[in-house]
Amino acid sequence: MKRRRRRIEDIALQRIERLFELAEAEARKTKERSRSDRYVQLAREIGMRYRVRIPSHLKMRICKGCYTFLIPGENARVRLKGDYITTTCLGCGKQMRRPYKAPRAPSPRRNEDVSMKDFYNCP
Amino acid sequence: MKITPSNILQHELIGLRTEVEDSSNSDVKGLCGIVVDETRNMLVIEDEQRKEKKIPKAGNIFVFELNGGVRVRIKGDTLVSRPEDRIKKGKKR
């Protein structure tokens, strides 16, 4: 059962990555964005259905407000503001922030996470 | 990241080259192109004239070309389900 789940998650991740590749290629080829946005929608549906996270570098390419595929310089503005990378969607104006400095001092909650991970890794 | 004949039923069909090998509709038989979208019951294929053709999955036989030149023949009836639901389906030929 566990192996089957891992296989499903693996394929889901591959499909998400593939869809983002296609969205990128489509956005470069034409000005028409509807197809790129459709691929983002499909990738999100796959991620939600199988509880697979969209990798963080790809997550930055989606607008959190209107879920369009973002192309920096075309329909997104990327700026460094303080400790954050701020990406502004030029379609809906939503701002997304992501810290880029060294990770914060380990919080007690994070330590808890680590211990839980160890717990799962133990046979 | 590989699409193989064994996992194509679960994998992404968008972006693959395909040909309608057999169909109950003689007009779409032999249609060649790249899959650009997928719904529960249809594949949207962009043909050489960059026209989008909406082909029902059911009742048609598709030949998909994987990278590496491998060609896989698939009955459209096995593909009928939403694209994100297809991963869950078991292996069937």
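In strand E5 of chain B, the bridge partner of B:Asp22 is B:Ile61, where strands (E, at least two residues) and helices (H or I, at least four) are DSSP runs numbered from the N terminus. The model is predicted, and local features therefore need pLDDT of at least 70 and side-chain atom pairs count only at pLDDT 80 or more, whereas totals for chains, interfaces and linings use all residues. Residues are numbered from 1 along each chain as its sequence is written, while chains are lettered from A and ligands numbered from 1 in the order in which they are written.

The pair to which B:Asp22 and B:Ile61 belong joins E1(B), residues 17–22, to E5(B), residues 61–65, in the antiparallel sense over five bridges; two strands are taken to pair if DSSP finds at least two bridges between them. E1(B) also pairs with E2(B), again in the antiparallel sense, over three bridges, and here B:Arg17 stands opposite B:Ile34 in E2(B).

Chain A contains four helices and three strands, which follow one another along the sequence in the pattern α-α-α-β-β-β-α. Its strands form an open sheet in the order E1-E2-E3, with antiparallel pairing. Strand E1 (76–81) and strand E3 (95–99) of chain A stand at the edges with a single partner strand each, so one side of each is left without a neighbour in the sheet. Neighbouring strands of this sheet are turned by 20 degrees against each other on average, direction ignored, the axes being lines fitted to C-alpha atoms (for helices over the stretch in contact) and the angles running from 0 to 180 degrees between N-to-C directions. E1(A) and E2(A), residues 84–89, pair over six bridges, and A:Ala76 stands opposite A:Cys89 in E2(A).

Of the 123 residues in chain A, buried residues make up 25%; a residue is buried if 20 or more other C-beta atoms, placed from the backbone, lie within 10 Å of its own, exposed if 12 or fewer do, and partly exposed in between. Leaving aside neighbours within four places in sequence, A:Ala23 is in contact with A:Ser36, A:Tyr39, A:Val40 and A:Phe69, contact meaning that the C-beta atoms of two residues, placed from the backbone, lie within 7 Å.

The buried residues of H2(A), among them A:Tyr39, A:Val40 and A:Ala43, pack against H1 of chain A together with strand E2 (32–38) of chain B. Just after H2(A), A:Arg51 takes a positive phi of about 50 degrees.

The contact between the chains takes 17 residues from chain A and 13 residues from chain B.
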